[in-house]
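Please examine the structure shown below.

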Amino acid sequence: MASLSFSSSLKPCSNIYSRKIVTRYRAKHDYNTDYRSRGLTISNVATKPPSNVVIPSKQDDQNIKKNVAWTSVKQERWQGDLLVQGQIPLWLNGTYLRNGPGLWNIGDYNFRHLFDGYATLVRLHFENGCLAMAHRQIESDAYKASIENKKLCYREFSEVPKTDSFLSYIGDIAKLFSGASLTDNANTGVVKLGDGRVVCLTETIKGSIVIDPNNLDTIGKFEYSDNLGGLIHSAHPIVTDSEFLTLLPDLINPGYVVVRMEPGSNERKVIGRVNCRGGPSPGWVHSFPATEHYVVVPEMPLRYCAGNLLKAEPTPLYKFQWHPESKAYMHVMCKASGKVVASVEVPLYVTFHFINAYEEKDEEGRVTAIIADCCEHNADTTILQKLTLQNLRSFSGEDVLPDARVGRFRIPMDGSPYGSLEAALDPNEHGKGMDMCSINPNFLGKKYRYTYACGAQRPCNFPNTLTKIDLMNKTAKNWVDEGSIPSEPFFVARPGATEEDDGVVISMISDKNGEGYALLLDGSTFQEIARAKFPYGLPYGLHGCWVPKT
């Protein structure tokens, strides 16, 4: 059971009452009072948005009450204190940052896909039982150019700038190969490096942007000082206080370069290289796992496709192509030597997000296998098409979310040619929905028991529950707020904790009434301990990080 200490005195940011969630931890709403009448302190509220803010289209405004998760952010920035209902543990002192696409239009032009949106950074600052919130657009070159020119100027996930002549098209192709036309819209994740710098990321290397976690200012590009080149990398590096690991896909000579960067440095150093075993190009590597001594390099049959990159209109799989005939593989590289120590064929799979990996050892301490867990979509590529804004905004009650599971790879280290992939628990435990995972960071690369993710309460068109997975007992606890969309559940461990689930889970909820709130769940019981209503609903966000108070 988690050990939590609470504030007992009533503060402006404290709750009038608290309530436990029971029976699947179903949340119920009873706060329809306007946020201004409930004592919030508001600063920097733009009643008239600044002239450089892109205003949501009329179509978005009409849908805001129904689809706030998929609606462009209401204004460019806001900051203020929130009224807390419940009690925030006094030990929770620091800042949770969440990044994600939050602006899906330029004037009346609406983007197609969830991943196209310009980055919206949200800040939740916890201190002495109080909570302050702020949000702000990341000032990437792509975002600033769209405001200045009132049109799309860089290639986004599914969007390509319109050209007015054949010569312009040829020029755009040249810019694509040089990387000049690729977006720097850092709308995917945010990480705190070991030296304290905070960097927002996407899959283009140029889309690495340093921000100030205190005021959300965009400081500038994170410029790598090495000569490794390349245009893309994994959107999810593995970051600890001592190192930064990432993968650089090689689209010319299909493979992956595994690199490391030390705290305080901007220089990536090569650990080693993995050559692809199948396909005309590398498999997409949105994320990858690592253990204490090994980096696991996935080679998925959903592969990068240069032909699709050149097309002016999106294909069903966008920048990728499904090549089941090329098979699927998992490679293991030794961090110390850079040698590939295992390379196995595995069943076909599709995943955006790996959860964790660890080394399985025998009684004498020898590593016999690598266990790698991911949010696996049953080798179904249609998940990419389900994430178009049209599909997300048009939910009619039909169950259209593709099934997903906690996929567990076992990679033998004895030279065997094959590995296995199975469900780590019955997918019905979490509604056959599974994505947006987090773990206790103290168990990164180690054997672990719990993961927190977004599951599903059917029927749905997108993961709509918060789920605690117990991988030992093969069970799940699910929290749901009917009609709402929760973002990634982020686990923060209690300082000094000895139990893996001793801490809190932070999420942000976009609800069915066009509103939203910050939510805290007990990491052990998975019951609600606090929430704080936002002044207005925020769009869905992707990934976050924790910046502890120093």
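**Rings, charges and contacts**

The charged end of Lys468 sits over the ring of Tyr450, 4.4 Å from the ring's centre. Here, a charge sits over a ring if NZ of Lys or CZ of Arg is within 6 Å of the ring centre and within 35 degrees of the ring normal. Arg268 likewise lies over the face of Tyr224, at 4.3 Å from the ring centre.

This is a predicted model, in which local features need pLDDT of at least 70 and side-chain atom pairs count only at pLDDT 80 or more, while totals for chains, interfaces and linings use all residues. Residues are numbered from 1 along each chain as its sequence is written, and side-chain values use heavy atoms, leaving out hydrogens and water.

Rings may also pair with one another. Rings of Phe, Tyr and Trp (its six-membered ring) pair if their centres lie within 6.5 Å; planes under 30 degrees apart count as stacked, over 60 as edge-to-face and the rest as tilted. The whole structure contains 21 aromatic pairs. The ring centres of Phe115 and Phe352 are 6.3 Å apart and their planes stand at 65°, so this pair is edge-to-face. Both Phe115 and Phe352 are buried, a term that means under 20% relative accessible area, with exposed over 50% and partly exposed in between (1.4 Å probe, protein chains only).

The rings of Tyr452 and Phe491 have centres 5.3 Å apart and planes at 5°, so they are stacked. Tyr452 counts as buried at 1% relative accessibility, and Phe491 is buried with a relative accessible area of 2%.
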